[in-house]
Amino acid sequence: MPSVRAEPYEFVFQPEHVGLVVIDMQPDFVDPVGFGEALGNDVSLLRKAVPPTARVLDAARKAGILVIHTREGHRPDLADLPPAKKARGRLATGIGDPGPMGRILVHGEYGHEIIDELRPAVGEPVVDKPGKGAFYATDFDAILRSRNIHQLIVCGVTTEVCVNTTVREANDRGYDCLVLADCVASYFPEFQRVALEMLKAQGGIFGWVGNSVDLLPALAQVKRVAA
């Protein structure tokens with residue numbers, strides 16, 4: 001079985017049981033003039049994760065590994081938006097309000113879609129989630145179990161929020177997770193560092209942390225085996 005150098009120790013995966021999840025790579029979060037930038041964040045820190053994620057995405061597709069994308073957002077009628085989430089931050093312009101990319105984090109708007117560089121291929125499931133974690137109020141777990149997936153390679157944003165929440169949820173459900181440090185990102189460098197430390201602490205309490213440069217050769221090996 002292919003193995004990847006990681007912390008706290010190597011991550012060994014079974015190609016037929018591993019999936020790649022790309023979390024919330026949406027214009028509202030990672031593009032200039034989006035919601036993230038409107039909150040005063042430097043989106044260039046998130047954009048750094050896009051090129052390595054694109055390389056992993058391409059390699060996973062060539063290896064025949066299941067790819068799943070997630071998007072955080074809400075129904076146009078905002079029926080699934082808790083009042084507490086809407087009110088949090090006391091924002092002048094928040095979720096559901098008009099923004100430069102359409103209504104912020106609302107299904108069907110440009111800002112809610114996956115960015116062009118990582119656009120889902122035909123047949124790749126897209127999970128729409130109303131919360132931070134990919135398992136809450138979604139069919140993510142059902143999709144994974146129907147494909148007999150019990151290991152996840154994780155990319156996306158932000159590291160301390162949606163990535164961390166999803167990995168913790170996955171851990172509680174028995175999934176092994178490898179988080180690629182160069183394929184996840186935060187608006188806050190210190191949060192990035194600490195969030196990754198928390199995942200791999202105490203012998204990998206929530207999962208493994210690695211890098212795309214170590215994963216790519218393993219995925220190429222899967223391709224050769226499959227051939």
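Predicted model: local features only at pLDDT ≥ 70, side-chain atom pairs only at ≥ 80, totals over all residues.

Q: Which residue stands opposite Ile153 in E9?
A: Leu20 does.

Q: What's the strand order in the open sheet?
A: E2-E11-E10-E9-E4-E5-E8, seven strands with mixed pairing.

Q: And which are the edge strands?
A: E2 and strand E8 (126–129). Each pairs on one side only.

Q: Which strands does helix H8 touch?
A: Helix H8 (residues 189–204) packs on the sheet and touches E2, strand E10 (176–185) and E11. The direction of H8 makes about 165 degrees with that of E10.

Q: Switching to Asp24. Where is it found?
A: In the loop between strand E4 (18–23) and helix H1 (27–30).

Q: Buried or exposed?
A: Asp24 is buried, because its relative accessible area is 0%, and the cut-off for buried is under 20%.

Q: What does the Asp24 side chain make a polar contact with?
A: The side chain of Thr70, at 2.7 Å.

Q: Which other residues does Asp24 touch, leaving out those up to four places away in sequence?
A: Besides Thr70, Asp24 touches Phe29, Arg71, Glu72, Lys129, Val157 and Cys162.

Q: Now the rings. How many aromatic pairs are there?
A: Seven aromatic pairs. One of them is Tyr9 with Trp208, edge-to-face, 5.6 Å centre to centre and 85 degrees between the planes.

Q: Why is the Tyr187 and Phe188 pair called edge-to-face?
A: Their planes are at 85 degrees, so the pair is edge-to-face; the cut-off is over 60. The ring centres are 6.5 Å apart.

Q: How accessible are Tyr187 and Phe188?
A: Tyr187 is buried, with a relative accessible area of 12%. Phe188 is partly exposed, at 37%.

Q: Last one. Which residues form an aromatic cluster with Tyr9?
A: Phe11, Phe13 and Trp208.

Conventions. Residues numbered from 1 in each chain as written. Heavy atoms only, no water. Helix = DSSP H or I, 4+ residues; strand = E, 2+ residues; numbered from the N terminus. Buried < 20%, exposed > 50% of the residue type's maximum accessible area, 1.4 Å probe, protein only. Polar contact = N/O pair within 3.5 Å; in protein donor to acceptor, adjacent residues only side chain to side chain. Contact = heavy atoms within 4.5 Å. Phe/Tyr/Trp six-rings, centres within 6.5 Å; stacked < 30°, edge-to-face > 60°. Pairing = 2+ DSSP bridges. Axes fitted to C-alpha atoms, helices over the stretch in contact; angles between N-to-C directions.
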